[in-house]
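Here is a short note for someone opening this structure for the first time. Please read the points with the model in view.

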Amino acid sequence: MSSDNTSNSKMTATTCHTLKAFYDCVRSRPFNQPFALRYNDGSIDHGLNSEEAAKESLRAHHNPYLEQPVVVEW
């Protein structure tokens, strides 16, 4: 598979330690900009495009209440 972010635009990455910071970050990304969540175990969920998708990703990684920090990238 090829890597994302091959365009000239710079990637933004923010580490979130609280749910408030996490949702603020997800809500402040550019309109309709897909994002990725990077977890402490090294796994990454790419192509997320909504708060609901982000919540599902957190649940799937057994981190629904952000016990471990998550990096939001776009």
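1. Start with a definition. A disulfide is a pair of cysteine sulfur atoms within 2.5 Å. Keep in mind that this is a predicted model. How far is the sulfur of Cys16 from the closest cysteine sulfur? The distance is 4.4 Å, to Cys25, which is too far for a bond. Cys25 is likewise in no disulfide, its nearest cysteine sulfur being that of Cys16. The count of disulfides is zero by this rule.

2. Are these two cysteines buried or exposed? Cys16 has a relative accessible area of 1%, so it is buried. Cys25 is at 6% relative accessibility and counts as buried too. The cut-off for buried is under 20%. Across the protein chain, buried residues make up 28% of the 74 residues.

3. Next, the overall order of elements. The protein chain has two helices and four strands. Read from the N terminus, they run β-α-β-β-α-β.

4. The four strands form an open sheet. Its order is β1-β4-β2-β3, with antiparallel pairing. Which strands stand at the edges? They are β1 (13–16) and β3 (44–48). Each has a single partner strand, so one side of each is left without a neighbour in the sheet. From one strand to the next, the twist averages 20°.

5. Four bridges join β1 to β4 (residues 70–73), and the two run antiparallel. Within this pairing, Thr15 stands opposite Val71 of β4.

6. Now the helices. Helix α1 (residues 19–28) lies across β1, β2 (35–38) and β4. Its direction is at about 155° to β1. Helix α2 (residues 51–60) lies across β2, β3 and β4. This helix runs at about 165° to β3.

7. There is one aromatic pair in the structure. It is formed by Phe22 and Tyr23, with ring centres 5.1 Å apart. Why is the pair edge-to-face? The planes stand at 75°, and over 60 degrees counts as edge-to-face. Both residues are buried: Phe22 at 0% relative accessibility, Tyr23 with a relative accessible area of 17%.

8. Two totals to finish. Take contacts in the protein chain between residues at least 6 apart in sequence: 57% of them join residues at least 24 apart. The accessible surface of the protein chain comes to about 5100 Å². Carbon and sulfur atoms account for 51% of that surface.

Methods. Residues numbered from 1 in each chain as written. Predicted model: local features only at pLDDT ≥ 70, side-chain atom pairs only at ≥ 80, totals over all residues. Heavy atoms only, no water. Buried < 20%, exposed > 50% of the residue type's maximum accessible area, 1.4 Å probe, protein only. Phe/Tyr/Trp six-rings, centres within 6.5 Å; stacked < 30°, edge-to-face > 60°. Contact = heavy atoms within 4.5 Å. Areas by Shrake-Rupley, 256 points an atom, 1.4 Å probe, with all protein chains shown as cover. Pairing = 2+ DSSP bridges. Axes fitted to C-alpha atoms, helices over the stretch in contact; angles between N-to-C directions.
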